[in-house]
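Please have the sequence at hand while reading.

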Amino acid sequence: MASDGIALPPDVTDVERLLFVLSRRGEMWKRMLLGDSKLNITINKQFAEKSSPVRGGVCSPADSGHP
């Protein structure tokens, strides 16, 4: 399975901001990340809330809880 990593802007401090930044990658991303109230988010294999803090500077699709 291929994956890509992206450097996160310094203002990404929580999951909600991360979802917003990722949603700007395209319309499909926007619909999947902002339009799905049943989206399950995990950080280090632990379920997380939108208010959960995000640390580090790189995000991969596996981190987002979405296949």
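In which helix does methionine 32 lie? Methionine 32 belongs to helix α2, which spans residues 27-34. The model is a predicted one. With a relative accessible area of 28%, methionine 32 is partly exposed. Between methionine 32 and leucine 19 there are 9.7 Å in space, C-alpha to C-alpha, and the two are 13 residues apart in sequence.

Serine 23 is part of helix α1, residues 15-23. Serine 23 counts as buried because its relative accessibility is 6%, and buried means under 20%. Apart from its neighbours within four places in sequence, serine 23 is in contact with Trp29, Lys30, Leu33 and Leu34.

As for aromatic pairs, the count is zero.

How many salt bridges does the structure hold? There is one salt bridge. The pair is arginine 17 and aspartate 11, whose closest N and O atoms are 2.6 Å apart. Arginine 17 is partly exposed, since its relative accessibility of 27% falls between the limits of 20% and 50%. Aspartate 11, at a relative accessible area of 39%, is partly exposed.

The accessibility values are collected below.

| Residue | Relative accessibility | Class |
|---|---|---|
| Serine 23 | 6% | buried |
| Arginine 17 | 27% | partly exposed |
| Methionine 32 | 28% | partly exposed |
| Aspartate 11 | 39% | partly exposed |

Technical notes
Residues numbered from 1 in each chain as written. Predicted model: local features only at pLDDT ≥ 70, side-chain atom pairs only at ≥ 80, totals over all residues. Heavy atoms only, no water. Salt bridge = Lys/Arg side-chain N within 4 Å of Asp/Glu carboxyl O. Buried < 20%, exposed > 50% of the residue type's maximum accessible area, 1.4 Å probe, protein only. Phe/Tyr/Trp six-rings, centres within 6.5 Å; stacked < 30°, edge-to-face > 60°. Helix = DSSP H or I, 4+ residues; strand = E, 2+ residues; numbered from the N terminus. Contact = heavy atoms within 4.5 Å.
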